[in-house]
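Dear colleague,

Please find below the structure that I am handing over to you. My findings follow it.

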Amino acid sequence: MSSKTVWQSKAEEKARIIAQCVQHSVTITQLREQVLDIVLNMSGVIKAYQVLTHMQQHSSSTIAPPTAYRALDFWAEQGVLHKIPAVNGYILCRHVQHECDSDCHEDDIHHNDFVLVCNQCGTVDEQSLSSEWAALRRRAADNGFILNDEHIVLTGICRHCQLKPD
């Protein structure tokens, strides 16, 4: 994929996200848009301090860490990011990138996933568990328990790192 094609796809992703926010009457401030640009160009686990560093590189004034956290939490609320406490960071929702081959922004069940994080390279792979989550929620509810965090994070070594020579 050429750099021009990558840039166009990032611009298209951003346009889709912004359009969805406008459709839902969600305000996009300049700062929120800046953070969106940053996270769309990142891969793997997104740490707040990485976003903060990018923000400070493009600002003439000092930016406080809570500013980055609030903007990241905003995008998590919009379904663009998943906040993953187990890795102390965020990941870009693969459904934002339309890698699920469906109109996933309209279907909350697509956000019931498990996340694979490579301990060596930091690669993140999000997998959907829609039917499994529904069964787990029913089973928990049958026992009087309501689930609130619907991401399971598994860490290990990705295929690419396994194939690297020692």
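The protein contains six helices and five strands (DSSP runs numbered from the N terminus: H or I of at least four residues for helices, E of at least two for strands). Along the sequence their order is α-α-α-α-β-β-β-β-α-β-α.

This is a predicted model, in which local features need pLDDT of at least 70 and side-chain atom pairs count only at pLDDT 80 or more, while totals for chains, interfaces and linings use all residues. Residues are numbered from 1 along each chain as its sequence is written, and side-chain values use heavy atoms, with hydrogens and water left out.

Of the 166 residues, 36% count as buried (under 20% relative accessible area; exposed is over 50%, and partly exposed lies in between, with a 1.4 Å probe and protein chains only).

Helix 2 (residues 30-40) and helix 4 (residues 65-77) have axes that come within 10 Å and cross at roughly 75 degrees (axes are lines fitted to C-alpha atoms over the stretch in contact, and angles run from 0 to 180 degrees between N-to-C directions). Helix 2 is therefore roughly perpendicular to helix 4 (65 to 115 degrees; under 35 is roughly parallel, over 145 roughly antiparallel and the rest oblique). L31, R32, V35, L36 and V39 of helix 2 make the contact with T67, A71, L72, F74 and W75 of helix 4 (contact means heavy atoms within 4.5 Å).

K14 belongs to helix 1 (residues 3-23) and is buried, at a relative accessible area of 18%. Beyond its neighbours within four places in sequence, K14 contacts E33, L36, D37 and L40.

I152, in strand 5 (residues 151-156), counts as partly exposed because its relative accessibility is 35%.

Yours sincerely
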